Amino acid sequence: MISVSNVSMRFGSKVLFEEVSTTFIPGRRYGLTGPNGSGKSTFMKVLTGDIDAQKGTVVRPRKFGVLRQDQFAFDAYRVIDTAIMGNKPLWAALEERDRIYEKPEMTDEDGMRLGELEGIIGDEDGYTAESDAAILLDGLDIPESLHDRKMGELQGGQKVRVLLAQALFGKPEALLLDEPTNHLDLDSIHWLQDFLFGYTGTLIVISHDRHFLNSVTTHTADIDYQTIITYTGGYDDMVMAKTQIRSTLESQNAQRDKKIAQLNDFIARFAAGTRSSQVTSRRKEVERLQTNELARSNIQRPFIKFDQVRPSGKHVLEFKHVTKLYGDHTVLDGFSANILRGEKICLMGRNGVGKTTLLKSLLNNYPGLAEKDFTLDSGSVFWGHEAQIGYFPQDVSATIDSASEPNLTVAEWLHRWNPAAHVEDIRGILGQMLFSGEEGGKPLKALSGGEQARLAFCKLILTKPNILIFDEPTNHLDLEAINALNIALQRYEGTVLLVTHDHDLIDEVATRLWNFHDNVIEDFQGPYAEWKGKHS
């Protein structure tokens, strides 16, 4: 159990949460929600003890697992050892035992201490630690061939999965996971969901994956109105309950306002007359009914709507025998396909199987979007009549290119993509993506990753292409923005190619799937539900 009592945090004049008291109960799985900047990660760090609350106390269990965000902290250690470090008492005992055994001669005291250490190691399941850690790592797609490698040799996504194994290792009484699905492919996310279903301790998780939250969590702790309110159910249940509660409060306040207005009208008409006792009673009634101003929600919802200047031809794209090798490794092996106008294709598969490579291959001969020094080994690509592409790459910062003109403002950068657009149109689009009036003057160099992503969406809204190509667009978006993107893609009448590990985006947007598996790309003509039924 984790107990929080009267905890407050603020940065300058901004209050994140004030006098929060809540309890996280064993056996429950809590989603910690709130928009970017609401204080989710700050609250998580208060729970783990990484930072102290400015006011209040936190009671934690003796053993809890935390997903560490520093990918480089364990570069000198073996992968398997990094996972075992999740059990701190066990790892400390193993290290001390090794130091004693390394001594040229052992004293009687060393021998007695070794006995104590062996007891700790036994109590902490240390004699099966490597095999237990190996099972966790395999489940997170870290193969046995990497277990003895140093962490510094792994790629970023692989490091995140090892750190996730570290948090899960050692049977912790509580798990605190901050964005555990980042850099995980769909198979790994599904494995993690299944693992967490069987977890009996206290789970608190921050995630921008709506399907993951709805699938895993039994309760939702929502940071809003400068406090934390716990709702029963997953993310969608919380949104519904929160909306109903808010609507009820607003309706009650509206009724009170109406009643107060009627009473004040009576007081104004008869204050100087003979009905003084009635006026006095109505004044007391007004004081009793006086409404408290409802706290403002800090949730901001962007509005995304993709239009087309004009539709493309019926045949959008045809490519034949596309092949791409990196050294001796064949990533794409003669893949061919035709795309028709209006199709929405999701590219699925493990990380590193070639999804991004295929997008780069298809853009290889498109003016302005071909990647420098990227070449196809063989194959042909033909874009159809009136094909106008809007591209959202994985590294969105390259699209913004703030380094070349760091002092260029957000509004100036966006206006360059359509010089004929009116200033009001530019402001309107920026406003849709939550850039307030003054933020339009913000220099590109000052943008966060999330702001860069929102600005890239502004460009797509402004330029109105008839083909949208997205490579993991949700990486820097909060839940509200991801939901807005989901709805926008469903309503978009053009053609979509989408790489994502977001279950709901795949399930609700895709009309066709390219599934990368075992060096083969399966071209499935149908939505995800049908594909899943075929493969279950």
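Biologist: Which residues in α6 meet α7?
Modeller: R161, L164 and L168 in α6 meet S188, W191, L192, F195 and L196 in α7. Contact here is heavy atoms within 4.5 Å, and helices (H or I, at least four residues) and strands (E, at least two) are DSSP runs, numbered from the N terminus.

Biologist: And what's that contact made of, by class?
Modeller: Six nonpolar, one polar and one charged residues. Ala, Val, Leu, Ile, Met, Phe, Trp, Tyr, Cys and Pro count as nonpolar, Asp, Glu, Lys and Arg as charged, and the others, Gly among them, as polar.

Biologist: Before I go on, what am I looking at, and how do you count?
Modeller: It's a predicted model, where local features need pLDDT of at least 70 and side-chain atom pairs count only at pLDDT 80 or more, while totals for chains, interfaces and linings use all residues. Residues are numbered from 1 along each chain as its sequence is written, and side-chain values use heavy atoms, with hydrogens and water left out.

Biologist: OK, back to the pair. At what angle do α6 and α7 pack?
Modeller: About 5 degrees, with the axes of α6 (residues 156-168) and α7 (residues 186-197) 13 Å apart. Axes are lines fitted to C-alpha atoms, for helices over the stretch in contact, and angles run from 0 to 180 degrees between N-to-C directions. So α6 and α7 are roughly parallel, a label for angles under 35 degrees.

Biologist: Switching to sheets. What's the strand order in the open sheet of three?
Modeller: β2-β1-β4, with antiparallel pairing. Two strands pair if DSSP finds at least two bridges between them. β2 (14-24) and β4 (55-59) each have a single partner strand, so one side of each has no neighbour in the sheet. Ignoring direction, neighbouring strands are turned by 20 degrees against each other on average.

Biologist: How many bridges join β1 to β2?
Modeller: Seven, and S3 has T23 in β2 as its bridge partner. The two strands form a hairpin with two residues between them, and G12 in the turn has a positive phi of about 65 degrees.

Biologist: Which helix lies across β1, β2 and β4?
Modeller: That's α1 (residues 40-48), running at about 135 degrees to β1.

Biologist: Last topic, holes. How many cavities of 30 Å³ or more are there?
Modeller: Two. On a 1 Å grid over the protein atoms alone, a cavity is a set of points where a 1.4 Å probe fits but cannot get out, and lining residues have an atom within 4 Å of a point.

Terms used. 1 Å grid on protein atoms, 1.4 Å probe; cavity = no way out; pocket = protein on both sides within 12 Å on 5 of 7 lines; lining within 4 Å. Points joined across faces, edges and corners; volume = space filled by probe spheres on them. Parallel < 35°, antiparallel > 145°, perpendicular 65-115°, else oblique.
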